[in-house]
Amino acid sequence: MRKIMLLLLLALTTGLAAQNTDYLVTQNGMGLLKLGMKKAELEKVLGKKIQLKNLLEKDGYSDTIKVKYKNIDVLVYLEKSWLADDSYELVLSGIRTSSPLCKTARGIGIGTDKLKIVNAYENSNVYIWPDYEDETYTRRSKTKSVITIFNDDEANSLTFYLLNKKVVAIEITYGMTGD
């Protein structure tokens, strides 16, 4: 009986550990979604074809698409990565989520307080600014703010969107710099 319980406990903890990495947010991506992965790889991970809009047009550069990843809603950003003057491939350039299942290795997730983010990333480049209430960027918000994290090891950025000093969305973007 003890052996069965031990095996059951081992199987349960192994399964939970695997699930936790599905939603782990890093500056390189989230779970199996990795920045820079090609459209075909992304479709394989998602288990479905992605419908493009802007990228189908001659001058289209990027698309933002709402998808399901492991039963959570995620926005993915695809863009053209030029190989030569006349050829390109479509790559994953960003991910945004509001799921409470998603957290960074430092424990930052939906609902986390602003000060905890600053303390968790005190050795990185941290940029904090108020968001805007309008699309013309003329009226600064008193309730919305943005925190973007850069570090010296990665060119990618990790951005937290806050409402009333609490995280409401997390975004990872490709190839941004903090300088």
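Which residue lies over the face of Y88, and at what distance from the ring centre? You'll meet the solution in Exercise 1.

Before you start: this is a predicted model, where local features need pLDDT of at least 70, side-chain atom pairs count only at pLDDT 80 or more, and totals for chains, interfaces and linings use all residues. Residues are numbered from 1 along each chain as its sequence is written, and side-chain values use heavy atoms, with hydrogens and water left out.

**Exercise 1. Find the charges that sit over the rings of Y88 and Y161.**

Step 1: A charge sits over a ring if NZ of Lys or CZ of Arg is within 6 Å of the ring centre and within 35 degrees of the ring normal.

Step 2: apply the rule to Y88. K80 lies over its face, 4.6 Å from the ring centre.

Step 3: go on to Y161. Here R96 lies over the face, at 3.8 Å from the ring centre.

**Exercise 2. Work out the strand order of the seven-stranded sheet and find its edges.**

Step 1: know what counts. Helices (H or I, at least four residues) and strands (E, at least two) are DSSP runs, numbered from the N terminus. Two strands pair if DSSP finds at least two bridges between them.

Step 2: read off the order. The sheet is open, its pairing is antiparallel, and the strands go β4-β5-β6-β11-β10-β9-β8.

Step 3: spot the edges. β4 (62-69) and β8 (125-132) each pair on one side only.

Step 4: Axes here are lines fitted to C-alpha atoms, for helices over the stretch in contact, and angles run from 0 to 180 degrees between N-to-C directions.

Step 5: see what packs on the sheet. Helix α2 (residues 39-46) touches β4, β5 (72-84) and β6 (87-97), and its direction makes about 20 degrees with that of β4. Contact means heavy atoms within 4.5 Å.

**Exercise 3. Count the bridges between paired strands and name a partner in each pair.**

Step 1: take β4 and β5. They pair in the antiparallel sense over eight bridges, and I65 stands opposite V76 in β5. The two strands form a hairpin with two residues between them, and K70 in the turn has a positive phi of about 50 degrees.

Step 2: move on to β5 and β6. This antiparallel pair has 10 bridges, and Y77 has G94 as its bridge partner in β6.

Step 3: finish with β10 (residues 157-163) and β11 (residues 166-173). Seven bridges join these antiparallel strands, and L162 has V167 as its bridge partner in β11.

**Exercise 4. Describe the largest nonpolar core.**

Step 1: define it. A nonpolar core is a set of buried Ala, Val, Leu, Ile, Met, Phe, Trp, Tyr and Cys residues joined through side-chain atoms within 4.5 Å. Buried means under 20% relative accessible area, exposed over 50%, and partly exposed in between (1.4 Å probe, protein chains only).

Step 2: The core has 33 residues, and M30, L33, L42, V74, L92, I117 and F160 touch the most other members.

Step 3: ask which elements contribute. α2, β4, β5, β6, β9 (140-150), β10 and β11 give two or more residues, and β5 gives the most, with four.

Step 4: zoom in on I117. Leaving out residues up to four places away in sequence, I117 touches I108, T112, I147, I149, F160, L162 and V167.

**Exercise 5. Compare two aromatic pairs, Y23 with Y69 and Y132 with Y137.**

Step 1: recall the cut-offs. Rings of Phe, Tyr and Trp (its six-membered ring) pair if their centres lie within 6.5 Å; planes under 30 degrees apart count as stacked, over 60 as edge-to-face and the rest as tilted. By this rule the count comes to five aromatic pairs.

Step 2: look at Y23 and Y69. Their ring centres are 6.5 Å apart and their planes are at 80 degrees, so this pair is edge-to-face. Y23 sits in the loop between α1 (2-22) and β1 (24-26) and Y69 in strand β4, 46 residues apart, so the pair links distant parts of the chain.

Step 3: check burial. Y23 is buried at 14% relative accessible area, and Y69 is buried at 1%.

Step 4: turn to Y132 and Y137. They're edge-to-face too, 5.5 Å centre to centre with 85 degrees between the planes. Y132 counts as partly exposed at 25% relative accessibility, while Y137 counts as exposed at 56%.
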